[in-house]
Amino acid sequence: MEVLLIRHTRVKPDRSICYGSSDVELADTYPEDMADVKKRLPGDIAEYPARVSPLTRCQILARDLGLRDFVTDDRLREFSFGDWEMKPWAEITPGDLKGWFEDMTNYPIPGGIALREFAEGCAAFWKDLTELRVERVAVVAHTAVIHVLLAHLLNMPFEKMFTLHIDYGGISKVTVGRKRTVVDYVNR
């Protein structure tokens, strides 16, 4: 099975704002960003079955890429920053930020969950996906979802997964075989 992991394109909030599972708008550059993603995908992408995050930024991209009859899956929703959602990073309690940066995997964000718990949902999604009887599938999701999936596939500790750079509109191709799984980091 060939799996294309596609990250949504740029969004309106800038990097000074903490957002994850909030349903934020796409950037004004969306038409150009979408066209760039589309030209890096196979010409028959519209024929791929697809699994998509329920957040609007992913559904819009899936639709505009021509993915038909895609299925949304809540396990593809971006990581929730709980009480920090949509706050400027500068306004988040320094002690909370310190605790999270020291142990992102296990630190439960106030009003949210720890990354390890989030990763369990992503792993369950992957297990279900690989049990589909299809040759290829497209997944339109978010950076944390794709980081977790790639870390899982590469046997990488979660603490190191953010060393992988997943661009907005980035694409990673995963080939799942009977004996091994191969990750082809397409990105930009």
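**Entry 1: helix 1**

Contact here means heavy atoms within 4.5 Å of each other. I am working on a predicted model. I started with helix 1, residues 30–39. Which residues of helix 1 are buried? I found Tyr-30, Asp-33, Met-34, Asp-36 and Val-37 buried. I then looked down the axis of helix 1. Its buried residues fall within an arc of 155°, so they line one face of the helix. On the other side of helix 1, I noted Glu-32 and Lys-39 as exposed. Next I looked up the partners of the buried residues.

**Entry 2: helix 2**

I moved on to helix 2, residues 56–64. Its buried residues are Arg-57, Cys-58, Leu-61 and Ala-62. Why do they count as being on the same side of helix 2? They cover an arc of only 130° around the axis, and that puts them there. What do the buried residues of helix 2 pack against? I listed strand 1 (2–7), helix 1, strand 3 (50–52) and strand 6 (136–141). I also checked the residue just after the helix. There, Gly-66 has a positive phi of about 90°.

**Entry 3: Pro-42**

I looked up Pro-42 next. I placed Pro-42 in the loop between helix 1 and strand 3. Pro-42 has a relative accessible area of 29%, so I logged it as partly exposed. I left aside the neighbours within four places in sequence. That gave Leu-4 and Tyr-48 as the contacts of Pro-42.

**Entry 4: aromatic rings**

I searched the whole structure for aromatic pairs and got nine. I opened the pair of Phe-81 and Trp-89. The ring centres are 5.7 Å apart and the planes stand at 80°, so this pair is edge-to-face. The cut-off for that label is over 60 degrees. Are the two residues buried or exposed, or in between? Phe-81 has 11% relative accessible area and is buried. Trp-89 has 24% and is partly exposed. Trp-89 also forms an edge-to-face pair with Trp-84, at 6.5 Å centre to centre and 65° between the planes. Trp-84 is at 3% relative accessibility, so it counts as buried. The cut-off for buried is under 20%.

**Entry 5: the largest pocket**

I asked for the largest pocket and noted a volume of about 790 Å³. Which of its 29 lining residues are closest to its centre? They are Arg-7, Arg-15, Tyr-19, Thr-143 and Tyr-168. I looked at Arg-7 and Tyr-168 as a couple. The charged end of Arg-7 sits over the ring of Tyr-168, 3.8 Å from the ring centre. I then sorted the lining by element. Strand 2 (17–18), helix 3 (94–102) and helix 5 (143–153) each give two or more residues to it. Helix 5 gives the most, with three residues.

**Entry 6: helix 5**

I stayed with helix 5 and checked how covered it is. How many of its eleven residues are buried? I counted ten, so helix 5 went down as mostly covered by the definition of buried, under 20% relative accessible area. The buried ones are Thr-143, Ala-144, Val-145, Ile-146, His-147, Val-148, Leu-149, Leu-150, Ala-151 and Leu-153. After helix 5 comes Asn-155, and its phi is positive, near 55°.

**Entry 7: Thr-105**

Where does Thr-105 lie? I found Thr-105 in the loop between helix 3 and helix 4, residues 115–130. Thr-105 has 1% relative accessibility and counts as buried. I skipped residues up to four places away in sequence. Thr-105 then touches Ala-114, Leu-115, Arg-116, Phe-158 and Glu-159. I also checked the spacing to Ile-171, which is 66 residues away along the chain. The C-alpha atoms of Thr-105 and Ile-171 are separated by 24 Å.

Definitions and conventions: Residues are numbered from 1 along each chain as its sequence is written. This is a predicted model: local features need pLDDT of at least 70, side-chain atom pairs count only at pLDDT 80 or more; totals for chains, interfaces and linings use all residues. Side-chain values use heavy atoms; hydrogens and water are left out. Rings of Phe, Tyr and Trp (its six-membered ring) pair if their centres lie within 6.5 Å; planes under 30 degrees apart count as stacked, over 60 as edge-to-face and the rest as tilted. Buried means under 20% relative accessible area, exposed over 50%, partly exposed in between (1.4 Å probe, protein chains only). A charge sits over a ring if NZ of Lys or CZ of Arg is within 6 Å of the ring centre and within 35 degrees of the ring normal. Helices (H or I, at least four residues) and strands (E, at least two) are DSSP runs, numbered from the N terminus. The arc is that of the directions from the helix axis to the C-beta atoms. On a 1 Å grid over the protein atoms alone, a cavity is a set of points where a 1.4 Å probe fits but cannot get out, and a pocket is an open set with protein on both sides within 12 Å along at least five of seven lines; lining residues have an atom within 4 Å of a point. Grid points are joined across faces, edges and corners, and a volume is the space filled by probe spheres set on the points.
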